[in-house]
Amino acid sequence: MKPVDRRAGYWNREREAMSAGARERYQSEWLAALLEHAWAHAPGVRRRLEQAGVSPKNFRSTDDLARLPVIKKSAMPDLQKADPPFGGFCTVPLAKIRKIFVSPGPIFEPMGPEVSGFHAETGLFAGGFRPGDIVINTFSYHLTPAAHEIDESLNLIGCSVVPTGVGQTEIQVSVAKAISATGYVGTPSFLMTVLAKAKEMGVGPLPFQVAQVGAEPFTEAMRRELADQHRIMARQGFGTADLGMLAYECAEANGMHLIEDAITQVCDPTSGEPLPNGQIGELVATVHNRTYPMIRFGTGDLTVITDEPCRCGRTSARMLGWRGRADEVTKVRGMFIHPRQADEIVARVKGVERFQMVVGREGHNDTLTLRVQLASGVNAAAVSTALEAAIRDVMKLRGTVAVVGAGAIADGAKKISDERKWD
C-alpha cells in the first residue's frame, strides 16, 4: 500500500469543527426529536420521564437533561427482567432488530435497522484509518457488540475487515502477513501479544500502520513502543455496549474528543448533578440512537472533561482518560466483571468463608485471581479446580485461585479489588 496521510482531514468537517453554539443547536434538535420518538415508542423511557414529572416538551436545551435522574448500568438487568427483553427502552419491534447482544448481567442490547448506530467512523478516521485499509478486527464476535459495530464503521470508511476475533495469535500473525493488513482493531495488550508472537515466529515486521485500541487502559509507554519499535500509529477510543462510541483520540493524542451524536456529561456519582469541566466524576451520556435511546445513562466510569482547544482543529470538548470506576464493576481483558458474578462463582462450591476477586497486571496483560479463605477440613485442591472452572464458565475469562489464611481478607472487603497500576 502506498504511503497514506493518516493525520490530516476530517470524517465530517462540518460537525467536527462546528462552533459551541452550533453544536448546542445541533444536539438540542436531535435530542428533542429523539425524546418525542422515545415517548411514543419506548414505554421504558416514557415511564422514566413520567416518574420525574417531565415530558419531551420540557427539554429545550441539553442543560434540561439534568431534570432527569441518571439511570445506572447496574439497574439494567432488573429493568429488563421486569419488561423483557430490553426494559421497554427499544423503539422498534423485534422483527426489525438486526442483532441482539448480551453483556454480563445479563444485559441485552439491540442493533437496530439504522446504519452507524455505534457512531465509530468519526473516531476511526480521526485515528488514521483510510479507504483501502485492510483491517484485522480482534475484538470478540461472541455476544458482545464492539466487533460487529466497528466492522460496519470501517466499511463505511472504505476499509476491508478480516473478522479474526480473539486469541489464536499464530493465525493472527499468519493472516496479517498473508493479506498485508495495514490496520488493527482490538485491545492494546493483545496487539502487543500479536507483535511479540510475530517476533517469536521470525516472520519479520507485521504490516500494521494504524491501530484503534480500546476496552482497557492504553498507557503512554505502550503508545511509544508501538510508534518507535513498530511504526504503528495507535489511537484509542472510548465506548460502551449500551451507548456505542462516545470519544476518540485524534492524531494529536491529547485527550479523546466527544462525538457530536452523544451529549456527554461528567456528574456527581451520587446525586447525578452535572459537574463543571475539570472535575472528576461519572461519565453520563445521552446518545442519538433512535432504536435504543439511552437517556442520561450512567456508565460507572470516572473521567475528567476539558474544553481547551485542540491543535487538530476539532472543537469538541475532550475526555482526559479513564480514571477508574464509580462502582465495583471492573473491565478485565476487555470484558466487564460484576460482583454478582463473583457471588455466583463462589456459590458453586461449599466451604468458602470469605473471598475477593483481585485484578492485577503483569507486563501488558491483566491477571485475575480469586482469593479464598476456606473452612477447616475443606479440600483446597478440589475447591480450587472447581472455582477455576466456574470463573471460565461465568466470567468467560481464565483466572487462578489463591487459598489464603484467616484474616487475609478483611471483613467487609470489596468483592472485586482492582490493583492494577498505570503509568
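The model is predicted.

**First stop: a sheet of four strands**

Begin by selecting β1, β13, β12 and β11, which form an open sheet in that order with mixed pairing. The edge strands are β1, residues 71-72, and β11, residues 262-267, and each of them pairs on one side only. Next, select residues 281-287 and 297-303, that is, strands β12 and β13: they pair in the antiparallel sense over four bridges. For one example of a bridge, display A285 together with F297, its partner in β13.

**Second stop: two helices**

Select residues 188-201 for helix α8 and residues 220-230 for helix α9; their axes come within 11 Å and cross at roughly 30°. The two helices are therefore roughly parallel. The crossing in which α8 passes α9 is left-handed. Which residues of α8 and α9 meet here? Show the side chains of P188, S189, L191, M192 and L195 in α8, which meet M222, E225, L226 and H230 in α9.

Move on to β20, β19, β18 and β21. In that order they form an open sheet, and its pairing is mixed. At the edges are β20, residues 400-403, and β21, residues 416-418, each pairing on one side only. From one strand to the next, the twist averages 25°.

Within this sheet, select residues 352-362 (β18) and 365-374 (β19), a pair joined in the antiparallel sense over 10 bridges. F355 may be displayed with V372, its bridge partner in β19.

Helix α10, residues 339-347, lies across β18, β19 and β21, at about 125° to β18. Helix α11, residues 380-395, lies across β18, β19 and β20, at about 145° to β20.

**Last stop: the cysteines**

How many disulfides does the structure hold? There are zero. Select C159, which is in no disulfide: the nearest cysteine sulfur belongs to C250 and is 18 Å away. C159 is buried, with a relative accessible area of 5%.

Then select C250 and C312. The closest cysteine sulfur to that of C250 is in C312, at 3.7 Å. A disulfide requires the sulfur atoms to be within 2.5 Å, so this distance is too far for a bond. C250 is also buried, with a relative accessible area of 0%.

Key:
Residues numbered from 1 in each chain as written. Predicted model: local features only at pLDDT ≥ 70, side-chain atom pairs only at ≥ 80, totals over all residues. Heavy atoms only, no water. Buried < 20%, exposed > 50% of the residue type's maximum accessible area, 1.4 Å probe, protein only. Pairing = 2+ DSSP bridges. Axes fitted to C-alpha atoms, helices over the stretch in contact; angles between N-to-C directions. Parallel < 35°, antiparallel > 145°, perpendicular 65-115°, else oblique. Left-handed = near helix turned anticlockwise from the far one by under 90°. Contact = heavy atoms within 4.5 Å.
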